[in-house]
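Hi,

Here is the structure I promised to pass on. Please have a look at it first, and then read my notes below.

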Amino acid sequence: MDDFRQQQAFRLLSRAVLGVLRNAQDGELPLFAWTLGLSQADLLEVLSACAPALGSMEALPDAQYQQLLAQRPPLHNDLLLMLLANRSAAENPQHGRWLAHAVAVASLGNRHLWQDMGLSSRHELNQLLQCYLYPLYVRNRGDAKWKHFLYAELAEQLGRPGLKPPECHSNQERTVCHPSGTGNLT
């Protein structure tokens, strides 16, 4: 990937990471999502890279940060490991790791994944996944909604058929999220 496209992808990654943090702070995602599932030192590194304008961030007291991490939902680690195993070989592995963490925690939300990541469209999410999680991106041949696809992949990997992501809040969106025959998947 050329330098311009790498810079563009990193800007989009930064927006997604900051969108997840904002959605966690605003209550759209569980507060655990504010950690991205990372150690505090790693989270501060991500913030420094993705939001340099914020300057040096002060760490939370360790006990408080550990309480946030302890709220990790049961399937989070399995989903994260699956995402990490599908990082693009040609891209910056650190950036792929950050995106995997952002996707794993954003998948805990009740909206479309792109919304829970603070992105403006599914197209932007597709760009990120194509860049940083390409093996996963290409397996979604049917263009399934990303949460549906991720949980279906996880279900297959864990041997747990019927594993489903959180549902959309709005019944109005149900026909968009759940085309006929797909049940309650988003």
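A word on terms before we start: two residues are in contact when they have heavy atoms within 4.5 Å of each other. With that in mind, Met82 touches Leu150, Glu153, Leu154 and Gln157, leaving aside residues up to four places away in sequence. Met82 is found in helix 4, and its relative accessible area is 2%, so Met82 is buried, the cut-off for buried being under 20%. Its C-alpha atom is separated by 8.8 Å from that of Ala100, which lies 18 residues away along the chain.

Please keep in mind that this is a predicted model. The protein chain has an average pLDDT of 88, and 89% of the residues score at least 70. Residues 168-186 need some care: pLDDT stays under 50 there, although the model has 33 contacts beyond four places in sequence for this stretch. Where pLDDT is low, the predicted coordinates should not be read in detail.

Now to the helix packing. Helix 4 (residues 76-84) packs with helix 5 (residues 93-106) at an angle of about 145 degrees, and their axes are 9 Å apart. The crossing of these two helices is right-handed. On the helix 4 side, the residues that meet helix 5 are His76, Leu79, Leu80, Leu83 and Leu84; their partners in helix 5 are Arg97, Ala100, His101, Val103, Ala104 and Val105. Sorted by class, this contact has eight nonpolar, two polar and one charged residues.

Helix 5 also packs with helix 1 (residues 3-25): the axes come within 10 Å and cross at roughly 35 degrees. This crossing is left-handed. Here Phe10, Leu13, Val17 and Val20 from helix 1 meet His95, Trp98, Leu99, Ala102, Val105 and Ala106 from helix 5. By class, the contact of helix 1 with helix 5 has nine nonpolar, one polar and no charged residues.

Last, the aromatic rings. A search of the whole structure finds three aromatic pairs. One of them is Tyr137 with Trp146, a stacked pair with 6.3 Å from centre to centre and 20 degrees between the planes. Which of these two residues is buried, and which is partly exposed? Trp146 counts as buried because its relative accessibility is 4%, whereas Tyr137 is partly exposed, with a relative accessible area of 24%. Together with Tyr134 and Phe149, Tyr137 and Trp146 form one aromatic cluster.

Enjoy looking around!

Best wishes

Notes
Residues numbered from 1 in each chain as written. Predicted model: local features only at pLDDT ≥ 70, side-chain atom pairs only at ≥ 80, totals over all residues. Heavy atoms only, no water. Phe/Tyr/Trp six-rings, centres within 6.5 Å; stacked < 30°, edge-to-face > 60°. Buried < 20%, exposed > 50% of the residue type's maximum accessible area, 1.4 Å probe, protein only. pLDDT = per-residue confidence, 0-100. Axes fitted to C-alpha atoms, helices over the stretch in contact; angles between N-to-C directions. Helix = DSSP H or I, 4+ residues; strand = E, 2+ residues; numbered from the N terminus. Left-handed = near helix turned anticlockwise from the far one by under 90°. Nonpolar A, V, L, I, M, F, W, Y, C, P; charged D, E, K, R; others polar.
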